[in-house]
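Here's a quick briefing to read with the model open. Have a look at the structure first, then work through the points below.

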Amino acid sequence: MTQAIDRPQTPALSTRPNFTALRCKECGETYDLGPKHVCEDVCFGPLEVVYDYDAIRRQVTRASIAAGPKSIWRYKAFLPVATDTPIDVGTGMTPLVKTNRLARRLGLKSLYIKNDAVNMPTLSFKDRVVSVALTRAQELGFTTVSCASTGNLANSTAAIAAHAGLDCCVFIPSDLEAGKVLGTLIYGPTVMAVNGNYDQVNRLCCEVANTHDSWGFVNINLRPYYSEGSKTLGYEVAEQLGWQLPDHIVAPLASGSLFTKIHKGFQEFVKVGLVDDKPVRFSGAQAEGCSPIAQAFEEGRDFISPVKPNTIAKSIAIGNPADGVYALELARKTNGNIAAVTDAEIIDGIKLLAETEGIFTETAGGTTIAVLKKLAEAGKIDPDETTVAYITGNGLKTQEAVHGYIGEPLTLEPKLDSFERALERARTLDRLEWKQASV
Ligand SMILES: *Cc1c(COP(=O)(O)O)cnc(C)c1O
């Protein structure tokens, strides 16, 4: 793990932290800043962190943020942790790549990839939410942390818990990709592989969280803090675009949380005066085999009907999405779209991004690229819009998905004539001419 990362240099907060309460998103009831996630006194709605934006406005400037650590902690004033020494394993500040060949292929003029396939330490956007959740878990006195995961969250929780010296027990569906399982076990947590889908794993974890309340479940009792980590996907894009908002974003939807938090991140930057306000369109991507939010969007419903997932895009296979209605509302009110693509289109999306930009993403990223392509072809993305596609995970973790779809190496003897024959075969296969021909 990277040790060379700058420790946060934020000056000690002389007064109280900037986050002040938890508040119900539905009825507005407020709660103290404990390990709570539902409005248990009134309506059972989800709780969200409330901030003192006047205090934040007085503390931060573009320059003070730019002078901060090269990680999500440059935005600490906007995150729900009180400590001056958060767990910093180099999470965040991933590249925002201006695409060239992909943009041309899709007929777009200003297309960027936010590349969390190379996030630290475990190569997915989940490192953002877990860095925040485990820092808060320590503040709240937890020594054991846990989660219900579709794969990436388990990788992240196990790795960052190892770094922080926390005990860790993660729950995953038993049919996950080998890379996701290995990428968790290596950090030495207890891994519970449950015979069931993610929604069943999550239900079990809710019961465990109730009966073992000394455990901090990052996406259950710590969920209000955890989910705030996704706001950094919004902050970074705004900063990397030169302190401006994009016109359109495309992101994958599982629970719908990251999608809505990118919006919250943009709005907060507007609120404290770091960027100018402007309309940003929000478009979401799902796999057809698990598309409860896309179906509701398509049918003009304002409620989500849960589905049973059946797709290769396991990291986003949540049949009963906790933030589904909020994601739906956001896409509608910003004049965006939510679309679904088949598993075959997802594989093509993975290959398209790899072959045009040199970025190998997992199935969630393949879903995002396939939906981006579909929307671009349908004229639902204006070629002149500055569009950002969020790539949230790394392809080396879901190798099974592309087995059999990417060809084989040409095998040869270490002799020149053998090479010449191999080159002939390569020409027959049209490999070498492909790039020039297709752009
Ligand atoms: C978890 C995950 C998502 C979706 O996150 P939500 O906030 O639940 O919508 C997207 N991409 C990848 C790679 C993930 O692991």
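Threonine 367 sits in helix α14, residues 363-377 (helices, H or I with at least four residues, and strands, E with at least two, are DSSP runs numbered from the N terminus). Threonine 367 is buried, at a relative accessible area of 0% (buried is under 20%, exposed over 50%, partly exposed in between, with a 1.4 Å probe and protein chains only). Its side chain reaches the backbone oxygen of threonine 363 at 2.8 Å.

This is a predicted model, where local features need pLDDT of at least 70 and side-chain atom pairs count only at pLDDT 80 or more, while totals for chains, interfaces and linings use all residues. Numbering runs from 1 along each chain as its sequence is written, and side-chain values use heavy atoms, with hydrogens and water left out.

**Helix α15**

- Helix α15 covers residues 416-428, 13 residues in total, and spans 19 Å from first C-alpha to last, close to the 18 Å expected at 1.5 Å a residue (the expected span is 1.5 Å times one less than the number of residues).
- Ser418, Ala422 and Ala426 are the buried residues of α15.
- Seen down the axis, the buried residues of α15 fall within an arc of 85°, so they line one face of the helix (the arc is that of the directions from the helix axis to the C-beta atoms).
- Leu416, Arg421 and Thr428 are exposed on the face of α15 turned away from the buried side.

**Ligand site**

- There are 15 residues around the ligand, and Lys126, Asn152, Ser255, Leu258 and Thr392 come nearest (a residue is near if one of its heavy atoms lies within 4 Å).
- Ligand oxygen atoms pair up with serine 255, at 2.6 Å from a side-chain N or O atom, and with glycine 256, at 3.0 Å from a polar backbone atom.
- A ligand nitrogen lies 2.7 Å from an N or O atom in the side chain of threonine 392.
- Taken alone, the ligand exposes 390 Å², and the protein buries 96% of that (areas by the Shrake-Rupley method with a 1.4 Å probe).

- Most residues other than glycine have a negative phi, and most peptide bonds are trans.
- The peptide bond from methionine 120 to proline 121 is cis, with omega near 5°, and proline 121 lies in the loop between β5 (110-115) and α4 (126-139).
- Leucine 123 lies in the loop between β5 and α4, has a positive phi near 65° and is partly exposed at 29% relative accessibility.
- Tryptophan 243, in the loop between α9 (231-240) and β10 (248-252), has a positive phi of about 60° and is buried at 14% relative accessibility.

Key
A polar contact is a pair of N or O atoms within 3.5 Å; within protein, one must be able to donate a hydrogen and the other to accept it, and residues adjacent in sequence count only if both atoms are side-chain atoms.
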